[in-house]
Amino acid sequence: MGTPETSREPCPDRILDDIGGAFGMGAVGGSAFHFLKGLHNSPNGQRFLGASQAVRLNAPRVGGSFAVWGGLFSACDCTLVYARQKEDPWNSILAGATTGGILAMRQGLRASARSAAFGGVVLALIEGAGIALNKFISTQQPMPELMEEPVVATGFPSEDSASVGTSWLGGLLGRGKKEDPRESAGSQTKILESFDAPPVPNFEYN
């Protein structure tokens, strides 16, 4: 099982992949949230119309905000991967802190530092939960048992195979000469000697 860092797309393609995934997640989640909010705030008889209007107005905005955050996070992550020349959970934690600080930069230095600390803590919790889950799943999976493959006879025994079976390597491995199943069944295979052909009769008239 791969870690979240090794199972993701390579770095140039990762930015576009994260932007699309974040926009989809924000659009779907924002649609559900604002649909329920529109149902609650709309008057009787116009609840479905108000809910659909709230989704149409607010879902793209929420999806765009998620896409900005996902693209900036992925860009920071790829920059850290290029700078540190390795992929580990520290890249995601630092990228989360950097993303939070950049997005809150217009509100002042104090707000930017607070948002950076919050982003780093959230990403640290996410990465820690992912590592713990991977370890738990790996300990729950049983180890596969190694089974020896049976030796299949593909031809008649020869002198070479007999010499190999009784060699010093076979003695070290504890494997002696294997008995042919045809011999144990009582039937033996014999190689016939060459014989002279019978004389050909001559039909010429003398």
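Which residues does A59 touch, leaving aside residues up to four places away in sequence? The list is A27, G30, S31 and A54, where touching means contact, with heavy atoms within 4.5 Å. A quick word on what you're looking at: this is a predicted model, with local features needing pLDDT of at least 70, side-chain atom pairs counting only at pLDDT 80 or more, and totals for chains, interfaces and linings using all residues. Residues are numbered from 1 along each chain as its sequence is written, and side-chain values use heavy atoms, with hydrogens and water left out.

Back to A59, which is found in helix α2. Helices here are DSSP runs (H or I, at least four residues), numbered from the N terminus. A59 is buried, at a relative accessible area of 8%; buried means under 20%, exposed over 50%, and partly exposed in between, using a 1.4 Å probe and protein chains only.

Now for the aromatics. A search of the whole structure turns up two aromatic pairs. To count, rings of Phe, Tyr and Trp (its six-membered ring) need centres within 6.5 Å; planes under 30 degrees apart are stacked, over 60 edge-to-face, and the rest tilted. The centres of the F35 and F48 rings are 6.1 Å apart and their planes sit at 80 degrees, so this pair is edge-to-face. It links distant parts of the chain, with F35 in helix α1 (residues 11–41) and F48 in helix α2 (residues 47–84), 13 residues apart. F35 is partly exposed at 26% relative accessibility, while F48 is exposed at 59%.

The other pair, W69 and F73, is stacked, with 5.3 Å from centre to centre and 5 degrees between the planes. These two are four residues apart in helix α2, so about one helical turn separates them. W69 is partly exposed at 36%, and F73 is buried at 10%.

Last stop: helices α3 (residues 89–103) and α4 (residues 109–140), whose axes come within 7 Å and cross at roughly 150 degrees. The axes are lines fitted to C-alpha atoms over the stretch in contact, and angles run from 0 to 180 degrees between N-to-C directions. The two helices are therefore roughly antiparallel, a label for angles over 145 degrees. Among the residues making the contact are I93, G96 and G100 of α3, and A116, G119 and L123 of α4.

Technical notes: Angles under 35 degrees count as roughly parallel, over 145 as roughly antiparallel, 65 to 115 as roughly perpendicular and the rest as oblique.
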